[in-house]
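Hello,

Have a look at it first, and then read on for what I found.

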Amino acid sequence: MTPAKRRCAADTLLMPHGSLRREAKALAAAVGLVLRPARFGGAWQPSRADLEFLRQEGRHLRYLVLPAEHAQGLEGLDRLEHLVLTGTHGPARLDLEALPRLRAFGSTWSKGLVGFPALRRLRALALHYCGLADLASLDVPLASLRSLTMKACRVADLARIGLGTRLEFLYVSAGGRRVLPGDSLQPLRRLRLLHVDGLALPGLDRVRLAASLAWLVLANVGELPSLRFLGAARPRYVALRGRRTCVADGDLSSLLARRPACVSIDRWNDAY
């Protein structure tokens, strides 16, 4: 279950190349785009002429996928709604304020990004492999987001995310001893998808997840006292993954009573 997908149309320009192709697909999927495989043929590095054409003739573009290192000069693309930047190197500064119609943004690069507060229409944000102190450093307008994906981001303090109450899709993964306080999930009453990987969830037993929850994946989150946090939720898909994920009381009856379509538990977890 993922955010509603849009196929790239004629008003799309895709410029990923070589090893960035897979990365571009993952980021695009996280912000609701399906990229046609044919567009990814070959290892194409955009030429200077390609980039010049983009800046001069690209005002009609609504969807754009390209390496971050070539993201300078996007200010004229004021109709852009979906932007995906691949790679780890980019311009010293990229001001997103010049893209007021941006509804979805995905990137593996964040160092020079500014102007997030101006993106009042932003609904989907995907950050992969970004080194951030916290989301507050980007001033992201979290209150308006419907979808937030943070994959393998080195975020020091996830307690400061301040998730917006309109959030429907939340995917967070991080290595090391990261923490996502359970009570930060309590206000998310519209949540439909929750995927947490590699973070402890202290206090989760004291909250009740949204009744709208349909997809739940908890991987390598450590010990969960019980499944009481499900509350009134009746998820269709539930996965408890990884050796470090277990329910302390071993009681799965409350989950099975909800009759989910699929329950996935790693076979090496002998807690059940």
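Ala-30 counts as buried, because its relative accessibility is 12% and the cut-off for buried is under 20%. This residue belongs to helix H1, which covers residues 20–30. Please keep in mind that everything here comes from a predicted model. In that model, the C-alpha atoms of Ala-30 and Thr-149 are separated by 6.7 Å, although the two residues are 119 apart along the chain.

Now for the chain as a whole. It contains three helices and 17 strands. Of its 272 residues, 50% are buried. The exposed surface comes to about 12900 Å², with carbon and sulfur atoms supplying 48% of it. If you take the contacts between residues at least 6 apart in sequence, 35% of them join residues at least 24 apart.

A word on confidence before the details. The mean pLDDT of the chain is 77, and 72% of the residues score at least 70. Strand E13 has the highest confidence, at 94, while strand E1 (residues 6–7) has the lowest, at a mean of 52. For residues 37–44 the pLDDT is below 50, yet this stretch still has 18 contacts in the model beyond near neighbours in sequence. Where pLDDT is low, the predicted coordinates should not be read in detail.

Next, the interior. Nonpolar side chains in soluble globular proteins tend to be buried together. How many residues does the largest nonpolar core have here? It has 59, and Leu-83, Phe-105 and Phe-116 are the ones with the most contacts inside it. Strands that each supply at least two residues of this core include E4, E5, E9 and E10, as well as E11 (169–179) and E12 (193–200). E13 (215–219) and E15 (237–241) also each supply at least two. There is a second, separate core of 10 residues, and among them are Ala-30, Val-31, Ala-104 and Ala-126. So Ala-30, buried at 12% relative accessibility, turns up again as a member of that second core.

Phe-105 is worth a click in the viewer. Setting aside residues up to four places away in sequence, its contacts include Leu-83, Leu-85, Leu-96, Leu-113 and Phe-116. Phe-105 also touches Val-31 and Ala-126, both of which are listed in the second core.

Two of the contributing strands sit side by side. E4 (residues 63–67) and E5 (residues 82–86) run parallel and are joined by five bridges. In this pair, Val-65 stands opposite Val-84 of E5. E4 is mostly covered, with five of its five residues buried.

- Ser-144 is in the loop between strand E9 (124–128) and strand E10 (147–151). It is buried, with a relative accessible area of 11%. A polar atom of its side chain lies 3.0 Å from the backbone oxygen of Leu-122. Beyond its neighbours within four places in sequence, Ser-144 is in contact with Arg-120, Leu-122 and Arg-123.
- Thr-245 is in strand E16 (residues 245–247). Its relative accessibility is 1%, so it counts as buried. Its side chain reaches the backbone oxygen of Arg-241 at 2.7 Å.

Arg-101 and Arg-121 are 20 residues apart in sequence, and their C-alpha atoms are 6.3 Å apart in space. Leaving aside neighbours within four places, Arg-101 is in contact with Arg-121 and also with Asp-78, Arg-79, Leu-80 and Glu-81.

Finally, some backbone angles. Most residues other than glycine have a negative phi. Which way does Asn-220 go, positive or negative? Its phi is positive, at about 55 degrees. Asn-220 is in the loop between E13 and strand E14 (222–224), and it counts as partly exposed at 24% relative accessibility. Arg-259 also has a positive phi, of about 50 degrees. Its place is in the loop between helix H3 (253–256) and strand E17 (262–265), where Arg-259 is exposed, with a relative accessible area of 69%.

Best wishes

Technical notes:
Residues numbered from 1 in each chain as written. Predicted model: local features only at pLDDT ≥ 70, side-chain atom pairs only at ≥ 80, totals over all residues. Heavy atoms only, no water. Buried < 20%, exposed > 50% of the residue type's maximum accessible area, 1.4 Å probe, protein only. Helix = DSSP H or I, 4+ residues; strand = E, 2+ residues; numbered from the N terminus. Pairing = 2+ DSSP bridges. Contact = heavy atoms within 4.5 Å. Areas by Shrake-Rupley, 256 points an atom, 1.4 Å probe, with all protein chains shown as cover. Polar contact = N/O pair within 3.5 Å; in protein donor to acceptor, adjacent residues only side chain to side chain. Core = buried A, V, L, I, M, F, W, Y, C linked by side-chain atoms within 4.5 Å. pLDDT = per-residue confidence, 0-100.
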